[in-house]
Amino acid sequence: MSEASADFWKRVADSDLLYSFRRSPGAIIAAVVTLGLGLAALLAPWIAPHDPFDPAGLSILDNFLPPAWEEGGDARFLLGTDDQGRDLLSAMLYGLRISLAVGFASVILAMIVGVWLGLIAGYVGGFADVIIMRVADVQMTFPAILIALLLAGIFRGTAGPGSSDSATMMLLIISISLSFWVQYARTVRGSVLVQASKEYVEAARLIGVSSIGIMVRHILPNVLAPVLVIATINLALAIIIEATLSFLGVGVPSGRPSLGTLIRIGNDYLFSGEWWITLFPGVLLGVLALSVNLFGDWLRDALNPKLA
Amino acid sequence: MVSFIFSRLMQAIATMLVVTLIAFVLFRYVGDPVNQMVGIETSLEQRETLREQLGLNDSMSVQYLRFVVRALHLDFGVSYQQKEAVSAMIAQRLPATLELTLVSVIFAIGFGVPLGVLSGLHPRSLASRAFMVLSLIGVSLPTFLIGILLIFVFSVQLGWLPSFGRGETVLIGGWSTGFLTSSGLQSLILPSITLGLFQMTLIMRLVRSEIMEVLPTDYIKFARARGLSDRVIHFGHALRNTMIPVITVTGLQIGSIIAFSIITETVFQWPGMGLLFLQAVQNVDIPVMAAYLMLIAFLFVTINLAVDLLYVTVDPRIRLAGTPA
């Protein structure tokens with residue numbers, strides 16, 4: 001380990017953030033659970049006991065098997081099987097993977113769009129500022145889930161029913177991220193207005209740094225803390241919105257079931273006694289959303305940024 | 001004061017214009033209205049006549065103006081799927097959603113305020129800590145999951161309450177109500193808890209923090225010194241001061257309640273507007289989507305405006321500060 005990186009790690013170990021982290025058991029549990037679920041999702045193809053999407057490996061005779069510890073359960077399928085005889089545990093791991101992927105992708109997209117629009121609104125000002133902030137105002141009036149649902153509906157209308165799985169996925173990610181950009185834009189704009197009048201920005205401009213250079217190299221680093229907090233809190237929200245849209249049948253394509261899709265499939269069988277198809281994915285989704293939320297809450301309290 | 005109201009009114013109208021423009025673009029350019037209305041065997045000529053009759057060949061501004069005027073007369077066109085006037089479909093579904101919303105709001109306030117007061121008075125007690133943990137879980141869990149869990153426990157396992165539909169309804173002058181039959185009332189319980197839970201936790205947390213803030217103030221101490229009973233102080237003096245933010249938040253939350261009613265209505269197969277909208281999204285029934293969009297926007301804008309005005313009348317500091325930017 002070189003001198004510089006040792007120095008870096010010492011600074012990390014001495015930081016307030018880590019100190020606060022060590023002292024809040026809730027945050028530690030939340031972080032460990034989130035990380036564990038993230039790893040499980042990442043490694044799903046290797047750790048899942050079965051490949052739920054390989055039609056050759058499925059047998060319809062295995063359908064509706066209860067969890068292994070229940071009467072009639074099969075040791076091959078720890079958490080039971082669904083209506084098509086898929087191993088529920090494997091389907092959940094793959095579903096987790098898709099839920100997290102859609103969540104991360106939409107948060108990152110929203111972050112990029114929102115941060116740029118915020119930088120432009122704050123730094124360029126004038127007409128661009130008025131337009132961007134007015135649109136943000138109008139959008140703030142409506143809940144994110146309503147906007148995502150509406151966009152998903154419009155995209156379905158324009159794309160038609162025959163569009164491919166990956167196109168549907170892209171449109172889903174776009175609809176979720178478009179319902180989130182406002183918060184980033186407002187926060188970044190506010191910080192930019194504060195930073196832009198400071199002397200170091202003035203100095204940078206005097207020595208001839210371009211507008212884009214000032215925005216990216218000098219102003220952006222100053223607004224990263226609030227952006228990070230918003231992103232963490234939004235990740236939980238994005239996961240919930242994706243699950244909700246998939247549950248409502250306008251989310252991920254049926255070929256790639258997420259946790260929400262699994263819950264929707266299972267919901268049809270709740271009354272006939274096959275509770276595990278709904279409840280296990282439901283619990284997993286709840287644990288995921290709760291731990292990401294708790295971690296976001298802690299991060300907000302620890303960094304304590306001004307959020308717009 | 002007058003300029004404040006005026007600017008807010010202008011803002012509301014501007015929002016509505018933007019939303020109607022979006023709805024119009026949706027209505028006019030997502031899919032071809034003529035293709036949606038006629039069958040395969042209709043000739044090109046007939047299509048062209050229909051196009052002319054519908055005014056689809058006029059300039060865009062004329063069409064938009066006509067769209068807005070019709071919307072003001074509650075004429076939202078004909079559903080592609082049901083071949084029925086959209087306004088009639090919505091009118092038929094409106095009572096179900098409004099009754100569900102009403103009961104949820106009553107549930108949210110009726111439980112949220114007392115629980116908030118209690119946990120604000122005794123923040124360290126076991127019960128209020130338990131409520132805080134529960135409320136965190138309630139906020140984190142997606143609405144549809146809460147609904148499914150409630151159905152699983154109370155309908156599937158215990159068999160106490162119905163899990164779908166409105167039960168028996170009574171028709172009073174075109175308004176179908178579920179308030180008058182026992183099956184109708186029973187059907188309301190689970191959906192309204194599902195829908196109101198999020199708002200309940202929100203109100204509870206808000207009241208709790210307000211109460212904790214108010215209790216150490218001088219006027220509460222003075223009330224105690226005057227020898228007033230705890231109940232009068234807590235519910236008369238302390239609670240009254242927390243009511244302004246509670247009213248504001250509850251008012252603004254009505255919008256989210258309507259948004260979340262889409263999910264609740266789907267879980268419980270509740271025949272309201274939300275279910276209608278979701279079916280329209282699934283079937284790409286554009287006129288229904290456009291009408292729902294405008295209706296919801298109108299509700300939101302009206303509520304926001306009302307809350308703004310209420311705030312100004314309740315809190316004189318806003319009036320004195322002049323027009324906020």
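The model is predicted: local features need pLDDT of at least 70, side-chain atom pairs count only at pLDDT 80 or more, and totals for chains, interfaces and linings use all residues. Residues are numbered from 1 along each chain as its sequence is written, chains are lettered from A in the order in which they are written, and side-chain values use heavy atoms, with hydrogens and water left out.

**View 1. The contact between chain B and chain A.** Chain B gives 39 residues to the contact and chain A gives 37 residues (contact means heavy atoms within 4.5 Å). About 3,200 Å² is buried between chain B and chain A, with 85% of it on carbon and sulfur atoms. Buried area is the accessible area (1.4 Å probe) that two parts lose on being put together, summed over both. S140(B), F144(B) and I148(B) supply 17% of the area that chain B buries against chain A, more than any other three residues.

View 2. On the side of chain B that touches chain A, 29 residues are nonpolar, 10 are polar and none is charged. In this scheme Ala, Val, Leu, Ile, Met, Phe, Trp, Tyr, Cys and Pro count as nonpolar, Asp, Glu, Lys and Arg as charged, and the others, Gly among them, as polar.

**View 3. The two domains of chain B.** Chain B is divided into domain 1 (2–72) and domain 2 (86–314), with bounds from an automatic or database domain assignment. Their centres, taken over C-alpha atoms, are separated by 34 Å. Domain 1 of chain B brings 16 residues to the contact and domain 2 of chain B brings 12 residues.

**View 4. The area buried between the domains of chain B.** Domain 1 of chain B and domain 2 of chain B bury about 1,300 Å² between them, 90% of it on carbon and sulfur atoms. Of the area that domain 1 of chain B buries against domain 2 of chain B, R8(B), M16(B) and L26(B) supply 33%, more than any other three residues. Salt bridges between the two domains number 0.

Methods. A salt bridge is a side-chain nitrogen of Lys or Arg within 4 Å of a carboxyl oxygen of Asp or Glu.
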